[in-house]
Structure formats: C-alpha cells, structure tokens
Amino acid sequence: MIILNKENIQKCITMEKAIEICKEAAKNYSLNKTDIPLRTPIISERNNGQVLFMPGKISSESDNIGIKIVSVYPDNSLLSLPSVPSTMITLDEKTGIVNGIIDGTYLTALRTAALQGAATDLLSNKDSKIATLIGTGGQSLEQARALLTVRNLSELRVVARNFDKTKKFVEKLKEELNNFDTVIIAYENVNDATIDSDIITTVTTSTTPTFSAKYLKQGVHINGIGSFTYDMVELPSEIINSNNKIYFDTKDGVLSEAGDILQPLENELIYHEDFKGELGELVLNSIEGRTSKDEITIFKSVGSAVLDIACADYIIKEAIKSNIGTKIDI
C-alpha cells in the first residue's frame, strides 16, 4: 500500500492531465460506465459534525474502485485542525485489496478545479481574456490554476468578503502561478470585478448570491462550484432561466442537492426540460454546447466520486511507476 500526501500527488499529476481525466470520467458517467451512489452522510450531533462516504466504480478498460471519506467538523478550527478533512482510498482492480491512501483534501481541490477547467474549456468563448474568481478558501488556488490552464487570460480578478484576506491570497497566487503571464488583481467590490468579465467562477459556501445578475456581460460563462446543499446559494436566481444554457456535472447530484437549481425550480423560474444536460454529454458531442459568442452559459457542479476515483487511479499508478510516496504493509 502507498500513502501519498499533497507533495507526492503534485509530482504525479498536472492540472492539464487532471482536466483530461475529468473529461473522460464525465464521459464514462454519461455512458453509464460507472456505479456512483449518492454520497452517504453520517451525522455526529454531539460533535457538531458529519461524515460523508463517497464510494464508486468506473468500468472502462478495467474496474477502478475507491471511496472518499469527507468529514465536516466546523469546530475543528478551535483545535487548529482542518474543518473539512478528507481521505481517498483506492483498491487494486484485480484483487480488491487496498493499494493506496491519498490526501483527499488536496485531491478534492485538484479534481474540483479540473472539472471546472473542463467545463470552462468546453463552454466559455475561446477568446476569453478576463476571468473573475469569487472566493479565497481552500479550493480557490487550484480553481485559479485551472482557469489559467484552459484560457490565455490577460487578467484574473479575485474578490471575496474580506479584502485584506483577498489581497494576501492574490500575493500567494502570484507566487504559485508565476509560470503564467496573467495579471492577477484583488478586487474589493464584486460588481467591479464581474462587470466585463468573460468567465466567472464562484467557489464559496455562501447562502446568498455572490454576485449581481445585472452586471453580467453577454457571452459570459459562469461556474457555480462551491455550494452543494439546498441552503447554499452562490448564483443569482435571475440567471437560472430558459434564456441561458445550463449544464450539470451530474443530473442526479445537482437535482438532489444544489440549492442554486432546486430553489429556482420550486419557484417555477425554470423547468426540468430547460436544462441542457451533463458535462459528459458535451464531451461526447451528444448535446449542444455554446453556439454563439453572446450566449450565457452556466455550469453547476456538486461533485461526484467518479472524479476522485478517476484521478486517484491515475495518481496511484504514476506513484507506483515512479516510486513516489510511503509504502507500508498491513
């Protein structure tokens, strides 16, 4: 068995490769080559926490099986511990024996960003030059990396509730992403940041819309990445309508969990037949994507274990090939 931390993972995979893997995983999901149950939550009321179990299998050239365990314990911050720790477990496809334990916190950030990168690559205008990233939390750095990977951006704008934190985060981005030519700027006002943006990615746990619909330019592509429960809302309800093209990572996941979509559905701002389909269907060219520069496209994601399993399988095989990580016997 191999144990891989964040630094080990980074030696095994690039963002470009992760985006490629996520496109293939989305395609396999839409082709019904996966067995991905909805995540199972176990509540620990006395500890103010919950644990989410995300198992699954991808059947393509072989059977890739794994499970991600995500804990949501807000009070961990009082103990200087991560509030949302995560671990990914992979199994040998031929024997069913556990062959890898991976830092799931970084894996989640990587695959979530790669999924956004895949959607942005497929749906945003090819000549997009300005992107806005809303949120500076644990997943935001990789989200920025994915945006810069798929589009030759001249400017990346970053905005969040705390401007001091935003400025510090931007300095970190400049260090981490210095191989790109993009100018990275901290914004204090979200309307200023979005008013002429070609791409908007919001990655927060907000319960209210993170930006205003009235400042959007025609042709913008929007990624709603952070929210994953009924009560979380990142996107203004005015944009969830039949005039815009709306796509999901997985229909089952979004229509079971995403307040960004469920609330407009309940309020009859949109109907099920108005949604265009899944990302995997876009990869397969079985549904229509963007057809004009002026269309507004929206991608809503809640995440799926299929992404973790696909990325983790590649990472473990690369680690074995390159002798990376800590090996243990149990």
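This is a predicted model: local features need pLDDT of at least 70, side-chain atom pairs count only at pLDDT 80 or more; totals for chains, interfaces and linings use all residues.

Residues are numbered from 1 along each chain as its sequence is written, and side-chain values use heavy atoms, with hydrogens and water left out.

Begin with helix α4 (residues 140-150), whose axis comes within 8 Å of that of helix α3 (residues 104-123), with a crossing angle of roughly 30°. Helices here are DSSP runs of H or I with at least four residues, strands are runs of E with at least two, and both are numbered from the N terminus. Axes are lines fitted to C-alpha atoms, for helices over the stretch in contact, and angles run from 0 to 180 degrees between N-to-C directions. α3 and α4 are therefore roughly parallel to each other; angles under 35 degrees count as roughly parallel, over 145 as roughly antiparallel, 65 to 115 as roughly perpendicular and the rest as oblique. On the α3 side, the contact (heavy atoms within 4.5 Å) is made by Tyr106, Ala109, Leu110, Thr112, Ala113, Gln116, Gly117, Thr120 and Asp121, and on the α4 side by Glu142, Gln143, Ala146, Leu147 and Val150. By class, this contact has seven nonpolar, five polar and two charged residues. Ala, Val, Leu, Ile, Met, Phe, Trp, Tyr, Cys and Pro count as nonpolar, Asp, Glu, Lys and Arg as charged, and the others, Gly among them, as polar.

α4 also meets helix α2 (residues 15-30): their axes come within 10 Å and cross at roughly 85°. That makes α2 roughly perpendicular to α4. α2 contributes Met15, Glu16 and Ile19 to the contact, and α4 contributes Glu142, Arg145, Ala146, Thr149 and Val150. These residues divide into four nonpolar, one polar and three charged.

Next is the sheet. Eight strands form an open sheet with parallel pairing, in the order β10-β9-β8-β11-β12-β15-β13-β14; two strands pair if DSSP finds at least two bridges between them. β10 (183-187) and β14 are the edge strands, each pairing on one side only. Within the sheet, β13 (residues 245-248) and β15 (residues 297-300) pair in the parallel sense over four bridges. Phe248 has Lys300 as its bridge partner in β15.

Glu273 counts as exposed because its relative accessibility is 65%, with exposed meaning over 50%, buried under 20% and partly exposed in between (1.4 Å probe, protein chains only). The C-alpha atoms of Glu273 and Ser242 are separated by 9.0 Å, and the two residues are 31 residues apart along the chain.
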